[in-house]
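Student: Could you walk me through this structure, a piece at a time?
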Amino acid sequence: GRVDGQLQAVRADDHGAHGSAGSAVSTANDLARWMQMLLDGGLAGGQRVMAEATVREMLEPGMVAPLSISELAPIDARSGFTYGLGWANFHYHGYEVIEKGGALDGVRTVVVFVPALNVGVAVLANLNLSVFPEAIRAFVLEQLLGPADLDLQQQIQDVGVEIDAIFAATPPLPANPVPAAVPLVAFAGVYQNALYGEFRVVVEGEALRLEAGPAGKPAALRHVSHNTFLLDWGSVTSIPGETTFTIGPDGVAIGFENEEVGTMSRVAET
């Protein structure tokens with residue numbers, strides 16, 4: 001990871017049971033076997049490990065998706081961009097391209113298929129927030145399918161600069177923040193939802209701190225305005241997210257909402 005402009009080793013993500021829905025640990029050799037299995041319609045070493053119809057359903061476009069800063073060239077307004085069951089789909093020079101990009105702390109990966117050519121490419125980088133995998137992917141597509149009419153590498157580099165700037169900057173606070181509606185102690189307590197279990201919010205001096213799960217994973221809660229705080233896990237690869245508390249009629253917070261963790265509701269402490 002890049003910390004204060006310097007590269008250094010960062011702690012690996014530990015997603016536990018939740019990792020099966022959002023991360024994988026593998027090797028280049030195993031990824032190659034897995035990609036070939038998908039290209040072969042579910043066959044691996046002559047044995048069927050997935051139904052061909054299942055592979056087809058996974059990779060078929062299912063919904064049109066908007067473009068964001070994370071979709072890099074040659075994906076653009078002309079390429080089309082859709083999602084299937086976890087896989088993205090676009091077109092380049094008339095060929096269907098299927099891919100999935102991913103990131104964990106210290107890791108960036110892109111897996112790309114060109115089914116018509118029976119080609120799969122995986123690019124793994126040991127630095128998150130790097131656009132290097134997309135640069136290699138674009139280079140390979142140009143070698144296989146022909147050059148683009150735009151400078152794909154320059155476009156990718158430009159987006160990389162934008163991404164670096166986003167993560168390097170501290171989210172701005174309002175010039176005249178509205179004070180919290182209640183004292184900090186009214187936000188303290190135990191909150192939960194069905195996916196993440198229990199989070200504890202505690203008062204630490206003149207600020208709030210969040211402790212997540214049985215291990216008490218720490219995060220800072222920095223006041224923004226009124227009953228909204230920035231939830232910061234202290235990761236070099238995440239941006240603090242706005243977290244808004246709801247205050248009940250007795251002047252005590254009854255829950256909070258955050259885009260990352262969803263809605264958390266206060267529970268009685270045991």
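Tutor: Let me begin with a term: buried means under 20% relative accessible area, exposed over 50%, and partly exposed in between, with a 1.4 Å probe and protein chains only. This is a predicted model, in which local features need pLDDT of at least 70 and side-chain atom pairs count only at pLDDT 80 or more, while totals for chains, interfaces and linings use all residues. Residues are numbered from 1 along each chain as its sequence is written, and side-chain values use heavy atoms, with hydrogens and water left out.

Student: OK, is aspartate 232 buried, exposed or partly exposed?
Tutor: Aspartate 232 counts as partly exposed because its relative accessibility is 30%.

Student: And where is aspartate 232 found?
Tutor: Aspartate 232 lies in strand β15 (residues 228-232), strands being DSSP runs of E with at least two residues, numbered from the N terminus.

Student: What does the side chain of aspartate 232 reach?
Tutor: That side chain reaches the backbone nitrogen of glycine 234 at 2.8 Å.

Student: What about threonine 228, buried or exposed?
Tutor: Threonine 228, also in strand β15, counts as buried because its relative accessibility is 15%.

Student: Which residues does threonine 228 touch?
Tutor: Setting aside residues up to four places away in sequence, threonine 228 touches Arg222, His223, Glu242, Thr243 and Thr244, where contact means heavy atoms within 4.5 Å.

Student: Switching topic, how far apart are the C-alpha atoms of aspartate 232 and glutamate 242?
Tutor: Those C-alpha atoms are separated by 9.2 Å, with the two residues 10 apart along the chain.

Definitions and conventions:
Helices (H or I, at least four residues) and strands (E, at least two) are DSSP runs, numbered from the N terminus. A polar contact is a pair of N or O atoms within 3.5 Å; within protein, one must be able to donate a hydrogen and the other to accept it, and residues adjacent in sequence count only if both atoms are side-chain atoms.
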